[in-house]
Amino acid sequence: MVVGRQVHGTKLLEHPGGMRGWVRTGEGDGHITAERGLALAVSIADCVPVFMAHPSGTIALLHSGWRGTAAGFVTRAVAAFSILGKAPTELRVHLGPAVCGRCYEVSADVREQLTGHPATRAGQVDLRSLLAEQASAAGVRQISMSPWCTRHDNDRFFSHRAGDAGRQVAVIMRRL
Ligand SMILES: [Zn+2]
């Protein structure tokens, strides 16, 4: 299993395999591999775990909070699949448990960065909807979204905004 040091960036680490045990890499908020049996993991509590898979077996996992979303992390990851010859139209993207739009208020500045439109006051944003729009714009057709909110379903999940110190661990692995 591989985990990175998460810094709310857009660095996607490509893993060729040959790893054993639990490997902690340097900075990186996303992982991509085609290696069988190598689990990719990110830790999450309100940010979005973005699961990506191509039928050929190439998989990726991103940790995308508002910074990663504003910086187009999912768009970059779709491009990384394309460079490897994996077409966006063949990708499946799943947006896992994360804070929902009703529970996530951000400053005017952050809203501007996320939507690209001028904002004068704080307001609610739905990170998963924005990520779905970005993935769709990048050519992905199969996009699904978890119904769970880490904050208002806080009896079941850890939520940074709800004051929890704990984190979920999102994992994806190619088995066959
Ligand atoms: Zn919610």
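Which residues have the most contacts inside the largest nonpolar core? They are Val50 and Met52, in a core of 32 residues. A nonpolar core here is a set of buried Ala, Val, Leu, Ile, Met, Phe, Trp, Tyr and Cys residues joined through side-chain atoms within 4.5 Å, and buried means under 20% relative accessible area, with exposed over 50% and partly exposed in between (1.4 Å probe, protein chains only).

A word on the model before we go on. It is predicted, so local features need pLDDT of at least 70 and side-chain atom pairs count only at pLDDT 80 or more, while totals for chains, interfaces and linings use all residues. Residues are numbered from 1 along each chain as its sequence is written, and side-chain values use heavy atoms, leaving out hydrogens and water.

Two or more residues come from each of strand E6 (48-53), strand E7 (59-64), helix H2 (73-83), strand E8, helix H3 (108-115) and helix H4 (127-137); helices (H or I, at least four residues) and strands (E, at least two) are DSSP runs, numbered from the N terminus. H2 gives the most, with six residues. A second, separate core has 11 residues, including Cys47, Phe51, Ile59 and Leu61.

Leaving aside neighbours within four places in sequence, Ala77 is in contact (heavy atoms within 4.5 Å) with Leu12, Met52 and Leu62.

Now turn to the zinc ion. Its protein donors are Cys100 (SG), Cys103 (SG), Cys149 (SG) and His152 (ND1), at 2.0 to 2.4 Å. Donors are N, O and S atoms within 2.8 Å of the metal (3.2 Å for Na, K and Ca), and sites may look incomplete because water is not among the atoms. The angles among the four donor atoms run from 106 to 116°, making the site tetrahedral (four donors with all angles between 85 and 135 degrees). Along the chain, the donors follow the spacing C-x2-C-x45-C-x2-H. Cys103 lies in the loop between strands E8 (92-95) and E9 (105-106), and His152 in the loop between strands E11 (142-145) and E12 (168-173), so this pair ties together parts that are 49 residues apart in sequence. Cys103 is buried at 17% relative accessible area, whereas His152 is partly exposed at 40%.

Conventions. Four donors count as tetrahedral if all angles lie between 85 and 135 degrees; four count as square planar and six as octahedral if opposite donors are over 155 degrees apart and all others between 65 and 115; anything else is irregular.
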